[in-house]
Amino acid sequence: MAEKLEQAQIDTISRYDSEQRLKYLLKEVCKNREIWILTDDIGCVMLNSEDEDCVPVWPNEAFARAWATGEWQDCQAEAIPLNQWHSRWTPGLIEDELSVAVFPNQTEEGIVLYPDELDFELKNQAKKGQNRK
């Protein structure tokens, strides 16, 4: 389970650019073995970029819950175990031709990756983490 973030940490991380947020997400997801989405009665929340329909993901509950405002105020933050992300979500997103919006900020800016690209980056990060032990 992830450690609870202090407000000062949240504020600092919130100022990261898209690339820094991607790196932070990869490290946190691998460390905590879970990735966060928002869900409602219908399923997971979707974002639309210029060319892609995307599932937004966050590194921890605090950042996912920060998005549950306005039209998404009834949404719940939900953790997906990393092994389930690899085995079920990645193939399902590919099949549905969806992309992943990685750790979008409050202005909906974030790096958009194909599911297999995120999977590759997560597996690379996990290998890096194992090599440090």
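How do strand E3 and strand E5 pair, in the parallel or the antiparallel sense, and over how many bridges? Strand E3 (residues 53-57) and strand E5 (residues 99-102) pair in the parallel sense, over 4 bridges. Before the close-ups, a word on what you are looking at: this is a predicted model, where local features need pLDDT of at least 70 and side-chain atom pairs count only at pLDDT 80 or more, while totals for chains, interfaces and linings use all residues. Residues are numbered from 1 along each chain as its sequence is written, and side-chain values use heavy atoms, with hydrogens and water left out.

**View 1. The whole protein, for orientation.**
The protein has 5 helices and 6 strands, in the order α-α-β-β-β-α-β-α-β-β-α from the N terminus. Helices (H or I, at least four residues) and strands (E, at least two) are DSSP runs, numbered from the N terminus. With a radius of gyration of 14 Å, close to the 14 Å that the globule rule gives for 133 residues, the protein is as compact as a globular protein of that length. That radius is taken over C-alpha atoms, and the globule rule is 2.2 Å times the number of residues to the power 0.38. Along the principal axes, the C-alpha atoms fill a box of roughly 45 × 40 × 25 Å. Of the 133 residues, 39% count as buried; here buried means under 20% relative accessible area, exposed over 50%, and partly exposed in between (1.4 Å probe, protein chains only). Among contacts with a separation of 6 or more, 68% come from residues 24 or more positions apart, a contact being heavy atoms within 4.5 Å.

**View 2. The open sheet of 4 strands.**
Here you can follow the order E2-E3-E5-E6, with mixed pairing. Strands E2 (47-48) and E6 (111-113) stand at the edges with a single partner strand each, so one side of each is left without a neighbour in the sheet. Two strands count as paired if DSSP finds at least two bridges between them. Within the parallel pair of E3 and E5, Cys54 has Ser99 of E5 as its bridge partner. E5 and E6 run antiparallel and are joined by 3 bridges, with Val100 opposite Leu113 in E6. In general, strands of a sheet pair through backbone hydrogen bonds, either parallel or antiparallel.

**View 3. The two sides of strand E5.**
Take a moment to follow the side chains along this strand. Ser99 and Ala101 point one way, Val100 and Val102 point the other way, and all are buried.

**View 4. Strand E1 and its partner E4.**
Strand E1 (residues 34-39) is mostly covered, with 6 of its 6 residues buried. Glu34, Trp36 and Leu38 lie on one side, and Ile35, Ile37 and Thr39 on the other. E1 pairs with strand E4 (residues 76-81) in the antiparallel sense over 6 bridges. In E4, Glu78 is the bridge partner of Ile37.

Glu97 has a phi near 55 degrees and sits in the loop between helix H4 (82-95) and E5. Phe103, also not a glycine, has a positive phi of about 45 degrees; its place is the loop between E5 and E6.

**View 5. Glu28 in helix H2.**
Is Glu28 buried or exposed? Found in helix H2 (residues 18-32), Glu28 is buried, with a relative accessible area of 12%. Leaving aside neighbours within four places in sequence, Glu28 is in contact with Arg33 and Pro59.

**View 6. Asn124 in helix H5.**
Helix H5 spans residues 115-131 and holds Asn124, which counts as partly exposed at 26% relative accessibility. Asn124 and Trp58 are 66 residues apart in sequence, and their C-alpha atoms are 18 Å apart in space.
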